[in-house]
Amino acid sequence: MIQNHLSRKRKRRPKQHPSRSSTFTHPDSSYRSPQLSAQSSLSVYIFLKMVRKVVLSLLLATWFSVECNPGPIDDIAVDRYFIPKSCFREVKSGDFVRYHYNGTFTDGKLFDSSYDRGAAFFGQVGQKWQIAGVDKGILGMCVNEHRRITVPPHLAYGSQGAGDKVPPDTTLVFDLVLLDIFNRADQVQTKVISTPKECKRSVMRTDFVRFHFNGTLLDGTVFDSSYKRSQTQDSVVGEGWLIKGLDEGLLGMCVGEIRHFIIPPFLAFGEKGYGTEIPPHASLVYHILLEDLHNPKDDIVVEVVEAPEPCTRKSVAGDYIRYNYNASLLNGITFDSSYQHNQTYNTYIGMGYMISGIDKGLQGVCTGERRRIILPPHLAYGQQGAGKDIPGSAVLVFDIHVIDFHNVKDPVHVETTHKPEVCNETSEVNDFIEYHYNCSLLDGTLLFTSRDYETPQDVVLGGGKIIDGLDEALRNMCVGERRTVIVPPHLGHGEKGAGIVPGSAVLRFELELVSLQKGVPEGYLFIWLEESPVQLFEALDSNQDQQVPLEEFSQFIKQQVLEGKGRLKPAQDPDSVIRDMFKNQDRNADGLITQDELKLKVDEDVEKTRHEEL
């Protein structure tokens, strides 16, 4: 019962003085066990004292006149036939004790037993709650100690005896085992078994705690254990949810600390006990391991472990983030890890896709930052927990490494790290370029490099052969220029990624432009760099036979390129380009271009420069 042995919902009634007639009672009302009745104890005591004086006077006279006769014993005899190895305290006058006993005559005949009644005797030592011989014989006794106390008649029931159970002038033998001992002056006894190396916070009143415990009586009898239930005890401290002794003992504990408590009955379940497991007037022993601690007023705690420099931008609500994490309970037990899944966790920040504590804790991070986020349960999985790994009301600890984040509105970020002093022309759409590059994730993981190949990477800008962000970053560069470029995933490989490029990954490129061949507008194969000849057909028809074959056409175009007057479409075989140009002009496909077939095409390039194309 998780609450039975620790918590109490109703207020305790005021203590009543234990009834002296309620212990050591016997079915025969004329019998009084080792304790005296409240009304007859004084008269019997006076009578026995008078008898004792007379007997002692006679004995003294006899001892001087005759040889010594053993006769009846004059005092109790104590046989400590089992002494426990550990004895944290001994019985003294004024202590309250609980013990089981068998009462016999000297011949071994049983006349009384607490075992038969199923209830141990409870009383206060030195206050006449029990017969004088037992009251004296129990002094100095340890819990779990076994004693055999032989009590002479004058320290038991004397010449009157006790009903038909104990004859007059009878020596009695009591076999006792001490179960419990406490004093009204006792407080909770606390022993710290172990403490964690680091304790940033300890239990205070109104804190909510989760702890494991083993609970025993003072004699070692187990009455409850959270370990057997595989479930912690969860409670608020100092609000009456727990017995008073635990409320006091838990104060100041750190998560991971182990304490040993001994709680006297009046700070536990008192004179009523609880159920069949905890008898009345029982001291309780708790061995407690504090697993968790928080306060309902707690917010998240953020500890920045590593902050990269520089940090050009911090995350905000609406950003899409990729991060790795290790997730654990406050006691250090890991319940999840992105590293075990071999992939980052990817999500939007501040839009309700995560538990609220993480949603809040990921705002304001830098790319590459490492931080620890501690979440109280009301900002995590609450009282219900999650699955079998996250208990209800558990504080969670996330150790996070931010890989990258971006916003769908982010552009390509370009930083020029080197630019040559002389730059006559820059790259633009349709240009053919060669470049070197290193491509990595923002955490530094290298994905690709052109240095692995013998020649640089080449491409025609604007041709759709590379990702949009890289195509954009390679424009307006000079030969020899170097750049560092950040490409968001919507301008890179998107949510799905590509090959070893993870989905939604922000990419970092280190670029160097090696060579540049200016291109021609889309749809063009050749453009004039100077004014085209006024009589273009005559310039093509070198033998003036009014027709231009492929050989004559090819020779003319190559000469224009050689003299810098025109430009062929780059990155293709010149002869193939020229053949395509010839076919475009040989409209009847007879292998010859006539003056009627030759037509000019108005150049419509982006610079609004007028060109003419064959």
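These legends accompany close-up views of a predicted model.

**View 1. The largest nonpolar core.** This core holds 31 residues. Those with the most contacts inside it are I263, L284, Y286 and I288. The elements that give two or more residues to the core are β8 (208–217), β11 (258–263) and β12 (284–294). Strand β12 supplies the largest share, five residues.

**View 2. The surroundings of I263.** Neighbours within four places in sequence are left aside here.

**View 3. A second core.** A separate nonpolar core has 29 residues. Among them are I76, V134, L172 and I262.

**View 4. The β8–β9 hairpin.** Strand β8 runs antiparallel to strand β9 (residues 222–225), and three bridges join them. N214 stands opposite S225 in β9. Four residues lie between the two strands of the hairpin. G220 takes a positive phi near 95° in this hairpin.

**View 5. S235 in strand β10.** Strand β10 covers residues 233–236 and contains S235. Is S235 buried or exposed? S235 has a relative accessible area of 1%, so it counts as buried. Beyond residues up to four places away in sequence, S235 touches D207, F208, V209, W241 and L242.

**View 6. Helix α11 and its buried face.** Helix α11 spans residues 574–585, 12 residues in total. From first C-alpha to last it reaches 17 Å, close to the 16 Å expected at 1.5 Å a residue. Which residues of α11 are buried? They are V577, I578, M581, F582 and Q585. Seen down the axis of α11, these buried residues fall within an arc of 140°, so they line one face of the helix. An α-helix has 3.6 residues a turn, so residues three or four places apart point the same way. The buried residues of α11 pack against helix α10 (550–562). They also pack against strands β25 (526–528), β26 (548–549), β27 (566–568) and β28 (592–593).

**View 7. Two spans annotated as EF-hand.** An unreviewed UniProt entry lists residues 528–563 and 573–608 under "domain: EF-hand". In the model, the end C-alpha atoms of residues 528–563 lie 11 Å apart. That span is 50% helix and 8% strand.

**View 8. K128, a positive phi in a loop.** K128 sits in the loop between β4 (121–124) and α3 (132–137). Its phi is positive, about 60°, although K128 is not a glycine. With a relative accessible area of 47%, K128 is partly exposed.

**View 9. S504, a positive phi in a buried residue.** The loop between β23 (482–487) and β24 (507–517) holds S504. Phi of S504 is near 60°, a positive value in a residue other than glycine. What is the relative accessibility of S504? It is 4%, so S504 counts as buried.

View 10. The peptide bond from E309 to P310 is cis. Its omega is near -5°. P310 lies in the loop that runs between β13 (301–306) and β14 (320–329).

Terms used
Residues are numbered from 1 along each chain as its sequence is written. This is a predicted model: local features need pLDDT of at least 70, side-chain atom pairs count only at pLDDT 80 or more; totals for chains, interfaces and linings use all residues. Side-chain values use heavy atoms; hydrogens and water are left out. Buried means under 20% relative accessible area, exposed over 50%, partly exposed in between (1.4 Å probe, protein chains only). Contact means heavy atoms within 4.5 Å. A nonpolar core is a set of buried Ala, Val, Leu, Ile, Met, Phe, Trp, Tyr and Cys residues joined through side-chain atoms within 4.5 Å. The expected span of a helix is 1.5 Å times one less than its number of residues. The arc is that of the directions from the helix axis to the C-beta atoms. Two strands pair if DSSP finds at least two bridges between them. UniProt positions are given in the numbering used here, feature names are shortened, and annotations may be inferred rather than shown by experiment.
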